[in-house]
Each structure stands twice: as C-alpha cells, then as structure tokens.
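Look at the structure below and keep the sequence beside it.

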Amino acid sequence: MKRPWLVIALLLPLSAAAPGAETKAAQVALPALLEAKGKDGRPIITPEQRAYFNSLNDRLRELLSGAVKNQVITRPEHLATILALELRPQKMELLLQDNCVLCHTDSEAQSPDQLFSLAPAAGGPAGHMSLKDLVADTHFRRGLSCAGCHGGDATAEMGHAFVKEWPASGRGTNRAWVAYFCARCHSDSAFMNRFNPALPTDQLEKFKTSPHGKLLLEAKDARAPDCISCHAVHGILPAKDPQSKVYARRVPETCGACHADPKRMAGFKLPDGSPLPTNQLEEYRASVHGAALLQRGDLGSPACNDCHGNHAALPPGISDVSRSCSLCHSANAGLFDGSKHRQAFERHNWPECGQCHGKHAIAKPQDAMLGTGPGSWCADCHRQFAKDNPECNATADFFLQSVTRMSDGLNRFGKVSEELAAKGLDVEPIDGQLKELFDSLKKSRTYIHSFSRNTFERVAAPGGETMRKLGALVTQARAEYRTRQLGLVGSIGLIGLVMLSLYLKLRQLER
C-alpha cells in the first residue's frame, strides 16, 4: 500500500535527513497537504473542509498524521475527500484506522470500479462504491468494515486475504453463496449478541423455507433474490432508517423491483398454473393501504412484508388471509368468525376478507357494496348462491338503509351546525351529538361483518336515537334564533319610540 510521495520528496529528501527527520517529515506532511494548491492557484482543501479539520480533536489529528506518515493518504485531493465527509468523531476515528477504506478512497491508486467515491458513476449497483453510503452502513458504525466480509487485516499495510466462503469464480451468476456468507454472522447468536441482542438469528432457516430461498438455494435460479437484493451491499442501513431499502415506505418499491418486472418474472406461475401477475405494485399504490403508507406516510399501514413475511416470504393461503388481515382489523375478523358467512366461505374455499375486499387493490369500503342493487357485492353473491333464501337480500337491504340514513344525517346535521354557528348560536350540544352519531355509524359499519340483523340492530339503534336528539336540538336552536330576531325587532322599535319622545320633548322645550 505504500507509495512514493513526490511532493515531500522534493521538499525534504529523505536520503539527507538527520536522525529524527522522519518524525519531522510527518509533522510537515499534513500541513503541506492542507496548504496545497491546484493548477489554478486555489487551495485544494476548501474553507469548509479546513474548518472541519480545525474542529478535530487531538486524537483524530494524530490518526490523520499517522495515515500521511504511512503514505496511506498521499495527496491533498485524497485528504479533501476524507474531510468532505465531515463525520462525527467516533465515525472519523473508525475511518482513519481502516486502511482498506482509506486506500480505496484514493482516486489515483484505484480503478473506477474499485474506488469509493463521494459521487460514484451511474450504472453500478446502488451504493456499491459510494463512500457516503459506506460510512453510513450499520456494519461500519459497529466497527465491521471491509475486512469483515472480504478478509484480511484493515490495520495492515498491504495485501488481501479473501475468505474461503467466496467462490473462486461465478460469484455473479450463482448467488446462493451470499445467503450462507451473511449467515456466518447473522446465524451466530453469540456473535450477534455483542452488537444487537434483539436481532433474530434465524433468518437463513426462514429463507430456506420460502419460495425465494428454494429458488435460489435449490434451483440455483439467478433471478431469485439474495440478502443483497433487499439490504444492499456496502450501504446497509437499519430498517428504521428512511433511506433503507427495507424501510416501511420503501418496501413496496424494493419488492416491486422484481415483482413488477414482466421480463424477470416470466415463467413463474401461480398454484393454479396461471402466470404470476406483475401488477401488484401498481394495484397496491392505488389501494387504500398504499395511499395511507406512500402518500400520507402512515407507517401503521401494511406493506408487502406485513402480509407475506420477510425472510420467510410466502403467499398467504386461503385460510391464512383472514389471519393477516385480523392483525389490524381484529374487530371485523372476530365478528366474521362467529357469522354464518364463515361457514359458507369454508364450503366454497373462498378467501375470507379478499373475497369482498380484494388483495392488492383494496379500495376504501363503500356503503354501496351492500344492498341488492346492480353491482353490489351482496346482490351478486346472493343471486348465485342464496337465491332460495330471501332473508339474505332483506338483511343486506336493512344494513344499507341503516348506514345510509346515519351517513346522510351526519352530513345534513353537520351543515346545519355550521349555519347555526355562523348566526352566533351555541352549537356545542349539537356537535356533541354529531360525535355520538359518527361513533354509531362507524361501529355499525364494523358490525356488518356479523351478517346478523339482530346483532347489527343493537349497535345501530343508538344512532337512530341520536338523530332524533339532533333533530330536537336543531328545532330548539332555530326557535331560539327566531326569538332573538323578534326580540331584536321589538328592541329596535322601543328604542325608536324613546328617541321620538325625546325629539318631541325637545321641540316643546324650544317653543
């Protein structure tokens, strides 16, 4: 790794150095790099970089001087790249003790495909040779850098000693080795406990059971994802970091990199033999879940891995769909489990929630899904499977009429409340009842999943009572407003009479 340093050689020939001159050269070297100027006569180290250097503590300056003395940093441009990172002291100390990173940051000593750069050339894997991504890597922050995966000694002067797990050839086509390579550490609970005791160590075992793992490890299919596909290479970030590829809001994009690519997914089939679709990402983005997560930033909204899993990613079976949905929609799921529809769904082998709400393109539920009109879910299903049971359609109509009446009442009385408030009336009692009506409507919509008229009616009945109270409050408020209007007219008339009397009295006094 040592290289001749021509600048210092010209300034201070080592052959003529007196005893102790090596130490003096090292002392001169760093200031010389800091003061070096380019061909245009301007300092190579920018004012911002110089200000950052001035803020460094004695320990970091000592490490920088050592790197220059050992000719790991030999050029002002190289030093400028290091200072431009403006790392916190702990990170900078890690960087300055890692000869692998320092050497591969020197643009004069490395080819473009092996150079860590502040602005790597486009076209390569994301973050593959980005210096900024490397120093933000979760491994680097814990002191596990290049040598941790590539082998060798990061404190040594030169040489590489690649680990035996790296295949001698074909690393780019047969990626099965990647999973086992990462598992060297991530399956070792004793080792992982030193860094993050809460992190699971069964990722490899789960991956082996997944379609991804079987495709990669058994079929040796290069299209299958490995650890790097989702977690990146040198820029691996924690899942809670918004820049991470496995951050909740980025998971659909990460999964869609493969599953939305028709060319990559060509040949894969569903259990029924039909081609595996590639429109899941498009449907998810337009769904109520996608809008909540991707547009509003609601991290509680499910992404791909919430239903399919992470390392043991599996397509949910018919019986598993409701379990995935019930993690969030527990009330709906509990009501459905006790309903007669549960029995019918089991007979027909239908996915419980997905039969009405869909899979990836889940839209916001509308009251129009109920009832017996054309295009309603209930009517379409009852027409085919319950045509001999008129009670089914009657119950659906009752559900629709009840929730529609409450929904219309909520909108109507809400507008009336705004009108009365604009007239200066106290509408707090009305707004209190509006909140009660909203809660009743929301609860009634949930209890539709019981598919029982009696059960639903007990929940919906308070909504009807609330609407009656609202009607009485509105009538009372309007009567109060009319009284105020009459009182105002009377007051104006009385004031007019008083003023007329005063006027007449004044005229009398004048005479």
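Is Trp-177 buried or exposed? Trp-177 is buried, because its relative accessible area is 15%, and buried means under 20%. This residue belongs to helix α10, which covers residues 176-186. Another tryptophan, Trp-166, is 11 residues from Trp-177 in sequence, and the distance between their C-alpha atoms is 7.4 Å. As with every value in this text, these come from a predicted model.

Now take the whole protein. Its secondary structure consists of 27 helices and 0 strands. The radius of gyration is 37 Å, while the globule rule gives 24 Å for 511 residues, so the protein is more spread out than a compact globule. Along the principal axes, the C-alpha atoms fill a box of roughly 120 × 95 × 40 Å. The accessible surface comes to about 31,000 Å², and carbon and sulfur atoms account for 56% of that area. Of the 511 residues, 34% are buried. Contacts say something about how the chain is arranged: among those with a separation of 6 or more, 59% are between residues 24 or more positions apart.

Helix α5 shows what burial looks like for a single element. Of its 9 residues, 7 are buried, so α5 is largely enclosed by the rest of the structure. The buried residues in α5 are Pro-76, His-78, Leu-79, Ala-80, Thr-81, Ile-82 and Leu-83. Just after this helix comes Glu-86, which has a positive phi of about 50°.

Next come the charged side chains. The protein has 17 salt bridges in total. One of them joins Arg-75 and Glu-108, with 3.7 Å between the closest N and O atoms. This pair links distant parts of the chain, since its members are 33 residues apart: Arg-75 sits in the loop between α4 and α5, and Glu-108 in the loop between α7 and α8. The two partners also differ in their surroundings. Arg-75 is buried, with a relative accessible area of 14%, whereas Glu-108 is exposed, with 59%.

Other salt bridges are found within a helix. Glu-346 and Arg-342 form one, their closest N and O atoms being 2.8 Å apart. Why are these two residues separated by about one helical turn? They are separated in this way because they lie 4 residues apart in helix α22, which runs over residues 340-348. Behind this is a general rule: an α-helix has 3.6 residues a turn, so residues three or four places apart point the same way. Arg-342 is partly exposed, at 23% relative accessible area.

Helix α27 holds a second example. There the side chains of Glu-465 and Arg-468 meet in a salt bridge, with an N to O distance of 2.6 Å. Both residues lie in α27, 3 residues apart, which is about one turn of the helix. Glu-465 is partly exposed, with a relative accessible area of 35%, and Arg-468 counts as exposed at 55%. Salt bridges can also share partners: Arg-75, Glu-77, Asp-106 and Glu-108 are joined in this way into one network.

Helix α27, residues 453-510, also contains Leu-502. Leu-502 is exposed, with a relative accessible area of 52%. Together with Leu-494, Leu-497 and Val-498, Leu-502 makes a nonpolar surface patch of about 400 Å².

The last topic is the cysteines. How many disulfides does a search of the whole structure find? The search finds 0. A disulfide needs two cysteine sulfur atoms within 2.5 Å. For Cys-304, the closest cysteine sulfur is that of Cys-255, but it is 3.9 Å away, so the distance is too far for a bond. Cys-304 itself is partly exposed, at 22% relative accessibility. For Cys-328, the closest cysteine sulfur belongs to Cys-307, and the 7.9 Å between the two sulfurs is again too far for a bond.

Conventions:
Residues are numbered from 1 along each chain as its sequence is written. This is a predicted model: local features need pLDDT of at least 70, side-chain atom pairs count only at pLDDT 80 or more; totals for chains, interfaces and linings use all residues. Side-chain values use heavy atoms; hydrogens and water are left out. Patches are made of residues with over 30% relative accessible area and no salt bridge: like charges are joined within 9 Å, nonpolar side chains (Val, Leu, Ile, Met, Phe, Trp, Tyr) within 5 Å. Accessible areas come from the Shrake-Rupley method with a 1.4 Å probe; for residues, only the protein chains shown count as cover. A salt bridge is a side-chain nitrogen of Lys or Arg within 4 Å of a carboxyl oxygen of Asp or Glu. Buried means under 20% relative accessible area, exposed over 50%, partly exposed in between (1.4 Å probe, protein chains only). The radius of gyration is taken over C-alpha atoms; the globule rule is 2.2 Å times the number of residues to the power 0.38. Contact means heavy atoms within 4.5 Å.
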